[in-house]
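Dear colleague,

Here is the structure I said I would pass on. My notes on it follow below.

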Amino acid sequence: RSSLHYLSPPTSYPLENISTKMSTLTPSLTYTLLSISIATLWLCGSAIFNITVLYIAIPAMIFFMVTAALAVVVLKKMFISRDTACIWVNPTVHVGDSNDNSSSLPPFSLLSPMSSQSPVLSIGIILSLLASLLCFAFAPTLMVYVLSPWTLTHSDATLVRLGGISDTAVNLWVRSPTSDSFTVKYREETSSDWTTTSSTPLPSSTDHTSVVTLSNLLPSSTYEYSIENIPNSPSSTFTTLPLKHAPGRVKFGFSSCAMKSKHAGYEMTGFAKLRKLSPSFPIFLGDLIYADVPLSFVGLGTNKEAYRSHYRRTFIDPHMVATGRSLPMQFMYDDHEILNDVRGREDESFEAALDVWKEYAGSSNLGTPLPDAGLTRNNTDGFVPVHFAIDAGPACVF
């Protein structure tokens, strides 16, 4: 137990050669272990914090693979011979054949330095172990993150929110996979008379989503509304905008970049703060989902259901639900609804991603449609514009 045993024909190897080899390789091994630690922590950080993987995780993974390959090379060089196997024990390790106890190495254990000249090696080993433990600890979060488009689909979600608004109209967007249609009942806050819309279908071709417009409303007036014929029918209020071009004061908010799909427990508290400011309407300027995370260079391609699952996870967020039911919201898309830094519809992801954006966001916009430079086209559900001018009292917002 206290000797160096040869597993094949014994070969003598002088102790001083072992010491020289160890002292030469120790700095390389130390730096390699430290590099692996940094790379692993870097990768874990990208899984914990709300940062696009393109800029963090992918470089970290490349760095990790390079340093891991370097570690393999260094560790292979540490083997004295293919025919020997070493067992370190306290107080000494004997080198030579089974009858040669004349030479010995200093005591060695995993967390102690190989020699008195290399104490930082222990730090490198400890950091590597800690980094590995962290990597294992956050592996479930990372896996949820990677697999979320296919595992956290929320396909049974029933969703209701306000869309665009004007001085005389408002859009209501509804999704209900358990209902074929819905109606809306509404009235001006001071009135006792309710108005009920005709039935609006919820076709499967648009993932059971649809929009209804409540028109002939009074400017600067508060209305109550409720949705009929869907489970857990919500009711809430909204206030129309001031009369177009009339003097007055209008407050609107804006927001962007909501990575709800990051992991299951993440809540978008920014919408709660936005709601407390009581704007007449907020505009969401894009990146409502991150369809390209974690596959930054690939995205979701033409898989419409994967895009839809991202939107459903966003819209079931409790802060988004509360905001959407009381604040009319306009939407614009940006690159991450499709693919990081996407250049246009020539990308294969563009058509499918934009179709789903229209189902869940763009279709509920309200305003004066503007020319869209080829981005607007007739699809299976008819003409759906992308760009709008919104008139709100004395203001006009593009």
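**A buried glutamate**

E188 is buried (under 20% relative accessible area, where exposed is over 50% and partly exposed lies in between, with a 1.4 Å probe and protein chains only), and yet E188 has no salt bridge. A salt bridge here is a side-chain nitrogen of Lys or Arg within 4 Å of a carboxyl oxygen of Asp or Glu. The nearest side chain of opposite charge is that of R187, 8.3 Å away; Lys and Arg count as positive and Asp and Glu as negative, with His and the chain ends not counted.

This is a predicted model, in which local features need pLDDT of at least 70 and side-chain atom pairs count only at pLDDT 80 or more, while totals for chains, interfaces and linings use all residues. Residues are numbered from 1 along each chain as its sequence is written, and side-chain values use heavy atoms, with hydrogens and water left out.

E188 is found in strand β5 (residues 181-188). Strands (E, at least two residues) and helices (H or I, at least four) are DSSP runs, numbered from the N terminus. The side chain of E188 makes a polar contact with the side chain of T190, at 2.4 Å. A polar contact is a pair of N or O atoms within 3.5 Å; within protein, one must be able to donate a hydrogen and the other to accept it, and residues adjacent in sequence count only if both atoms are side-chain atoms. Apart from its neighbours within four places in sequence, E188 is in contact (heavy atoms within 4.5 Å) with S221, T222 and Y223.

An open sheet of three antiparallel strands has the order β3-β4-β8. Its edges are β3 (159-165) and β8 (209-214), each with a single partner strand, so one side of each has no neighbour in the sheet. Strands pair if DSSP finds at least two bridges between them. Six bridges link β4 (residues 170-175) to β8, and N171 has T213 as its bridge partner in β8.

Helix α8 (residues 348-360) packs on this sheet and touches β3, β4 and β8; its direction makes about 110° with that of β4. Such angles run from 0 to 180 degrees between N-to-C directions, with axes fitted to C-alpha atoms, for helices over the stretch in contact. Eleven of the 13 residues of α8 are buried, among them F350, L354 and W357. At the start of α8, a side-chain oxygen of D347 comes within 2.8 Å of the backbone nitrogen of S349.

Regards
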